[in-house]
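Welcome, and thanks for taking a look at this one with me. Below are some numbered notes to read alongside the structure.

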Amino acid sequence: MSTHVEHAEPGIFRKYFWSTDHKMIAMQYLFTGMAMALIGGYFAYVFRMQLGFPNQYVPGYGIVTPGRYNALVTMHGSIMIFWVAMPVLIAAFGNFLIPLMVGCDDMAFPRINRLSYQIFLLSVLVLLSSFLVKGGPFGGAWTAYPPLSAVGSYNLTPAGATLWLVAVALEFVAFLLGGINFTVTTMNSRAPGMKMYDIPLVIWMIVLASIIFMCSAGPLIAGAVMLLFDQTMSTGFFDPTRGGDPLLWQHLFWFFGHPEVYVVLLPAMGIVAEIIAVFARKKIFGYKTVLYTTWAVGFLSFVVWAHHQFVAGIDPRMANIFSITTLLISVPITEMVFLYIATLYGGSIHLDTPMLWALGFIAEFMVGGVTGIFLGSSGTDIYLHDTYFVIAHFHYTFVPIAIIAVYGGLTFWYPKMFGRMLNETLGKIHFWGTVIPFNVIFIPLFITGTAGDQRRVYSYALFAEQSRPALQHLRLTSTIALLVMLSFQLIFIFNFFWSLRNGKSAGANPWRSATLEWTVPSPPPHGNFAVMPTVYRGPYEYGLPGGADDYVPQNVPDQAFGDQNS
Amino acid sequence: MSASAKPIANARSGTGIPSARLITWWVIASEIVIFGGLLASYIMHRVAHPEWAESASHTLTWAGALNTFILLTSSLCAVLAHQAADSHDGPKAAKLLRLTALGGLIFLCVKGYEWTLDIREGFVLSSGGFWSFYYTLAGLHGLHVLAGMIIMLIVAADAAKNEELQRVECIGLYWHFVDIVWIFLFPLLYIAK
Amino acid sequence: MTTETHVDHTNYVKIWAILVALLIVSVLGSMSHVREIVLIAAFGVALVKAYLVAKNFMHINVEKRWVPYLLIVCLLFIAILFAGVAPDVLKHNGLHWSKNPADVLVPSAAGATKNE
Ligand SMILES: [Cu+2]
């Protein structure tokens, strides 16, 4: 097998912006996603301040007007899902991990990979440019229901609406290209000997997520074109006054939007699987069962979408069907969580920071899952729809996915990405400083939502039937907890950059992990493997008897197995 | 530049299907859901709006039929190019690919002429539900024809030098898919009035 | 390559001729005034044409088995989408809303609601 010859050091532009190396593209996605997370977090700060301290000056922003409030919540939702969760969970981890964990030197199509990031970057720029146009960024909610989103005189942000739509469409194209590349690489480019059931779960899950995305995004891309024409060319696809149908958009949107939940959930589940196997020193309990339930989740995620539309006037018979399928999908998800807990049972658990995040994910995500039962049942949903109960529910799913699991993955693979260890004490402070305020933010919102607080209300004082001053202390608690949670993120940012230079040197395999990425130096060189590996076993051979080396890496042949334990 | 050197990952073939063809199948799969979503939306509306038949009666069947003929013929050229590439005759494959792209160009010209006639009669994108779908469906399809032509000319340039011949088959697969989309658009927009 | 298992002497020109003949059939069929004939000429012929192109030009019959299944699964998802959406879009009036104002404004919208 050939190794890559050393190239002359390329220029800055070539190295950081024009690279086809999957690790560099992963870093591009990671840092772009983290920068967008700062913007999305800042917006949450501003509108939460408005809700906690109505109509007062917000430090760092100013007075929040009603129109601005709409734009802030719209942008917070869009950014956190499309420009943070997707690029970090799928694109950054997928790019970094897939070639390393399946044992090859790069993606199957490195230049398509680079194009994927460039289109993604373009979508970021288009979105950011909407902050500068007349009327400001789009304010018609991240779901962009027409006619609100289609008619400029309704949403008052005509230019922002179109730019938002273009940005989302570009982002989809970027992830279609990236996802197809991930899929082909995993199918075709695995190391010799790596059979279907030797692939680490995180890779399986990223690829399955990419496939779900691929199969669900198409109708919404078509819908985006139609909505774009409604906005700019005065067609009437979704406008009832012109013979169109607004429900059609809702269907197209949620046919994508619900699978999207699983598109981001699956990579998070995969990251957690890798972490708990390593830190419990145990084989994943029921690897194949995890996989089969993932397929079941993937398929079922396509038949539940209309549970978002129970109050939209859909056919009530369909509401029954969608209630049943929605409750059904909790079965495989629960099974996956049980399998993870079974993996922990009897393991020798090491509570390092990544493990804390992984355990935090399981605990918090269960709250999100259980509260989803109420919203999936059409009866209770009619009452709870569009209240803060919904907000609290999906933040109990999305925050574990896009924040907690991402921190788990980052702290776990940071040594591999940058060659140094993060500071463990700061990591633990950051963990508790994130997870505790997170619960304090959203538990009060379950209560205000159940009491009837509607979403997307700029100031409750303006609506007699919404005002409920008795709930103000809960709204305020939520706001203050958010301030605490945001300030603890500074510790992570400090730890991240400080450890780049000052962290303890990591070595190739600091966590004594068995998957292939830990067999190469940290950070991995161009081309990854000095000698292309061959795989002899599954990814989770942990807890073997025999002292310090209680694991066998995937690339160690069977004969050497005996020597390892002697 | 390292991009020109293909990674080992590209040469492996765990599935037995070469990576280039595998990625083409996945692209086609994702295109199926894009066109599928739009076509499903159109069919639902078309069935729900019997009065759209009046609008549909104005479409120019001869133009649709001519374009179907052109695309079928260009698909024939594409498959012959694949045959030539399989027998390692790069220059012949390139010639046939350019012929295919020419078919795409004629298709777009006919489309442009047809739309000019439609617009002269006063039927534009916003003239009502049927016309909105008519222009959107054909427009999205036309974009795919255009993209296919551009890629095809790039592939042909390499093929003429006997390089990257595996791409001839892939762009052909894509072109046949675009052809199949049109095979369904033709009755939907021109025949079933 | 597909050709390893495929008899490489498919007469592509012959397939093309059949396709063109089918095209003529569908154009002639469209002139009929019997609705059933028009529909069969339109969609029955289209299905046959698509099958011929997929089989003979895309060689999907000699590709790995899972490839056509993958494409069929994608079509299945679209069928699911259609089944879930059609009850609403074909019905045109919701449980809690109607398009009465639209019916007044636009005659075509009124026509749409007649098939309630
Ligand atoms: Cu959902």
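**Notes for a first look**

1. N55(A) is partly exposed, its relative accessible area being 40%. You will find N55(A) in the loop that runs between α2 (22-52) and α3 (66-102) of chain A. Its phi is near 60°, a positive value in a residue other than glycine. For background, most residues other than glycine have a negative phi. Please keep in mind throughout that this is a predicted model.

2. A second residue to check in the same way is R512(A), which has a positive phi of about 50° although it is not a glycine. R512(A) sits in the loop between α15 and α16 of chain A. R512(A) is partly exposed, with 30% relative accessible area.

3. Next, the peptide bonds. The bond from P146(A) to P147(A) is cis, with omega near 0°. P147(A) belongs to the loop between α4 (110-129) and α5 (152-155) of chain A. The bond from S522(A) to P523(A) is cis too, with omega near -10°. For P523(A), look in the loop between α15 (472-502) and α16 (558-564) of chain A.

4. Which protein atoms are the donors of the copper ion? They are ND1 of H258(A), NE2 of H307(A) and NE2 of H308(A), lying 1.7 to 2.0 Å from the ion. Along the sequence, the donor residues are spaced H-x48-H-H. H258(A) lies in helix α8 (residues 246-279) of chain A and H307(A) in the loop between α9 (287-300) and α10 (316-344) of chain A, so this pair ties together parts that are 49 residues apart in sequence. Both H258(A) and H307(A) are buried.

5. Now for helix packing in chain A. Helix α6 (residues 158-188) of chain A and helix α7 (residues 201-232) of chain A have axes that come within 8 Å and cross at roughly 155°. Angles over 145 degrees count as roughly antiparallel, and α6(A) and α7(A) are therefore roughly antiparallel to each other. Their crossing is left-handed. By class, the residues of the contact of α6(A) with α7(A) are 20 nonpolar, 7 polar and no charged.

6. The crossing of α3(A) past α7(A) is left-handed. The contact of α3(A) with α7(A) holds 14 nonpolar, 2 polar and no charged residues. To find the place on screen, look on the α3(A) side for residues including M86(A), F93(A), G94(A) and M101(A). On the α7(A) side, the residues in contact include V202(A), I206(A), S210(A) and F213(A).

7. Is Q489(A) buried or exposed? Q489(A) is buried, with a relative accessible area of 12%; the cut-off for buried is under 20%. This residue lies in helix α15 of chain A. Leaving aside residues up to four places away in sequence, Q489(A) touches Y407(A), H430(A) and T434(A).

8. R420(A) is found in the loop between α13 (388-418) and α14 (424-451) of chain A, and is partly exposed at 29% relative accessible area. R420(A) and G503(A) are 83 residues apart in sequence, while their C-alpha atoms are 5.1 Å apart in space. Not counting residues up to four places away in sequence, the residues that R420(A) touches include Y414(A), P415(A), S499(A), N502(A), G503(A) and A506(A).

9. Finally, chain B. How many helices and strands does chain B have? Its secondary structure comes to 7 helices and 0 strands, in the order α-α-α-α-α-α-α along the sequence. The C-alpha atoms of chain B fill a box of roughly 55 × 30 × 30 Å along the principal axes. Chain B has 193 residues, of which 63% count as buried. Among the contacts in chain B with a separation of 6 or more, 78% are between residues 24 or more positions apart.

How values were computed
Residues are numbered from 1 along each chain as its sequence is written. Chains are lettered from A and ligands numbered from 1 in the order in which they are written. This is a predicted model: local features need pLDDT of at least 70, side-chain atom pairs count only at pLDDT 80 or more; totals for chains, interfaces and linings use all residues. Side-chain values use heavy atoms; hydrogens and water are left out. Axes are lines fitted to C-alpha atoms, for helices over the stretch in contact, and angles run from 0 to 180 degrees between N-to-C directions. Helices (H or I, at least four residues) and strands (E, at least two) are DSSP runs, numbered from the N terminus. Angles under 35 degrees count as roughly parallel, over 145 as roughly antiparallel, 65 to 115 as roughly perpendicular and the rest as oblique. A crossing is left-handed if the near helix is turned anticlockwise from the far one by less than a right angle, and right-handed if clockwise. Ala, Val, Leu, Ile, Met, Phe, Trp, Tyr, Cys and Pro count as nonpolar, Asp, Glu, Lys and Arg as charged, and the others, Gly among them, as polar. Donors are N, O and S atoms within 2.8 Å of the metal (3.2 Å for Na, K and Ca); water is not among the atoms, so sites may look incomplete. Buried means under 20% relative accessible area, exposed over 50%, partly exposed in between (1.4 Å probe, protein chains only). Contact means heavy atoms within 4.5 Å.
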